[in-house]
Amino acid sequence: MVQKPSIPKGTRDFGPLDMAQRNYIFDTIRSVYKAYGYEQIETPSMENLSTLLGKYGDEGDKLLFRILNSGEAFSKLNPEEYVENGAIDSSAVTKKVCEKGLRYDLTVPFARFVVQHQNEIAFPFRRYQIQPVWRADRPQKGRYREFYQCDADVIGSRSQINELELVQIVDTVFTKFGINVAIKINNRKLLTGFAEIAGFPDKVVDITVAIDKLDKIGIDAVKDEMREKGLTDQAIAVIEPILGLSGTTAEKIAQMRSLMGGHSVSGLVSETGLKGVDELEELFGFIEVAGIRQQVEIDLSLARGLNYYTGAIFEVKALDFQIGSICGGGRYDNLTGIFGLPDMSGVGISFGADRIYDVLKGLDKFPKSLESSTQLLFANMDSTVLPYIISVAGQLREAGVPCEVFPDSVKLKKQFDYADKKSIPFISIVGSDEKNANVVNIKNLYSGEQKQFERGDVQSMLDFLK
């Protein structure tokens, strides 16, 4: 029985048009990164599990794909050594047979890269990276197990000019794509402040993880989760109103400064929270004078669940298309410290290329020019004319025109159908008469316009093919 071909859930095939569209995304993002002085690096698809584990929180660790040490990793195991209370200790077995994992994101591998190559790097170091990542997540619309991230980070500087430039990069990229977005910004120090003025400074992570689910599960479920983590109703009553603060940027900052400076109910002060307010005020001061075209706002419910963020955090959502976050990031102060390089602050963003692809597709924003990689098809009508056609095609390719010569001498209708299916905009039909006259016929398949050119008049052909 022949097995029906398939691919794993949460992955996708991409055909030629899909790839042209994806490369348009990558090339656009890459061009903006380069305009801000970022340099490209790559890291391996797999990392040691010791590099990855513990960097994304308990929930993130569960989504790591582990890799067997070899195809015979289980052959040398003695099952009796891993039995506890009558059941196999799967965690112990995994540690024995899996020492590596597929990368979950590009930020932790980047931190590892910085520490390993610190003597070769000029700080502050601006890097960008466009590579796939993998997560053992439940596949659903807009959520994949294999997807590309397009990251930019600057490390070795605490200046919020870096945060501003990341906002400018986001603004420029999505303006180029023609996508309207909301750039939401918060600061993790404020989340620490929430916990401190609520009287539960040791519950910062639990509060952050719960708040990060607000858009997905709603405020009531978030409150239930905080109760499960040990917060009292009084503490939740302190946090809940903060998540709904409204008004202008200045009004939100003023309200937060008042709350962090001494909450009216708890009476507690958060110096960390006040520092977060200062940082937000400075960043939005920069943004105000930078001429950002896209919508930018403070969102105090924004948490971003990754444990390594310590300052500003960003999330970008499309305004005209229903999908999750399409870009995000933030400031981290301690990530390289766990690899032996302390006091190296960084900040970065990551564009979700696969979700951006879905948005551009859904809004029909891809340029029509991407529909074919070939601009001109030379029809094959007479084998004796092929040397002439090949020579003309070579001239045009050297001039930058993507050309195809149809390989088989078949009916003209079949060749027209081929051009139509591939969305090739121009066709050239050259026979012995054209060859003897040393001319080339080119027809625009969209407008129907047809012209004849002297073989050596490449510039006129280029003007027609534009």
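How many cavities of 30 Å³ or more does the structure hold? I looked this up first. The structure holds one. I keep in mind that this is a predicted model.

**Entry: the cavity**

I noted the space in the largest cavity as about 40 Å³. Next I listed its lining. I found Leu-190, Lys-252, Ile-253, Met-256, Val-277, Leu-280, Ile-298 and Leu-300 there. Two elements give two or more residues each to this lining: α11 (249–260) and α12 (271–289). Which element gives the most? I found that α11 does, with three residues. Then I sorted the lining by class. I got seven nonpolar residues, one charged residue and no polar ones.

**Entry: helix α13**

I turned to helix α13, residues 353–362. Why do I call α13 largely enclosed by the rest of the structure? Eight of its 10 residues are buried, so the rest of the structure largely encloses this helix. For burial I used a cut-off of under 20% relative accessible area. I wrote down the buried residues of α13: Ala-353, Asp-354, Arg-355, Ile-356, Tyr-357, Asp-358, Val-359 and Leu-360.

What do these buried residues pack against? I found two helices, α1 (16–35) and α6 (161–177), as partners. I also found the strands β8 (146–155), β11 (312–318) and β13 (346–352). Past the helix I checked Asp-364, which follows α13. The phi of Asp-364 is positive, near 55 degrees.

**Entry: a three-stranded sheet**

I looked at an open sheet of three strands next. Their order is β2-β6-β3, and the pairing is antiparallel. Which strands are at the edges? I noted β2 (46–48) and β3 (66–68), each of which pairs on one side only. Neighbouring strands of this sheet are turned by 45 degrees against each other on average, with direction ignored.

I then took a single pair. Strand β3 pairs with β6 (residues 98–102) over three bridges, in the antiparallel sense. I looked up Arg-66 and found Gly-101 as its bridge partner in β6. A reminder to myself: backbone hydrogen bonds pair the strands of a sheet, either parallel or antiparallel.

**Entry: helices α8 and α9**

Last, I checked how two helices pack. Helix α8 covers residues 204–211, and helix α9 covers residues 214–228. At what angle do they pack? I read about 145 degrees, with the axes 8 Å apart. On the α8 side, the contact is made by Ile-207, Val-209, Ala-210 and Ile-211. On the α9 side, I listed Leu-214, Val-222, Glu-225 and Met-226. I sorted this contact by class too. Seven of its residues are nonpolar, one is charged and none is polar.

Terms used:
Residues numbered from 1 in each chain as written. Predicted model: local features only at pLDDT ≥ 70, side-chain atom pairs only at ≥ 80, totals over all residues. Heavy atoms only, no water. 1 Å grid on protein atoms, 1.4 Å probe; cavity = no way out; pocket = protein on both sides within 12 Å on 5 of 7 lines; lining within 4 Å. Points joined across faces, edges and corners; volume = space filled by probe spheres on them. Helix = DSSP H or I, 4+ residues; strand = E, 2+ residues; numbered from the N terminus. Nonpolar A, V, L, I, M, F, W, Y, C, P; charged D, E, K, R; others polar. Buried < 20%, exposed > 50% of the residue type's maximum accessible area, 1.4 Å probe, protein only. Contact = heavy atoms within 4.5 Å. Pairing = 2+ DSSP bridges. Axes fitted to C-alpha atoms, helices over the stretch in contact; angles between N-to-C directions.
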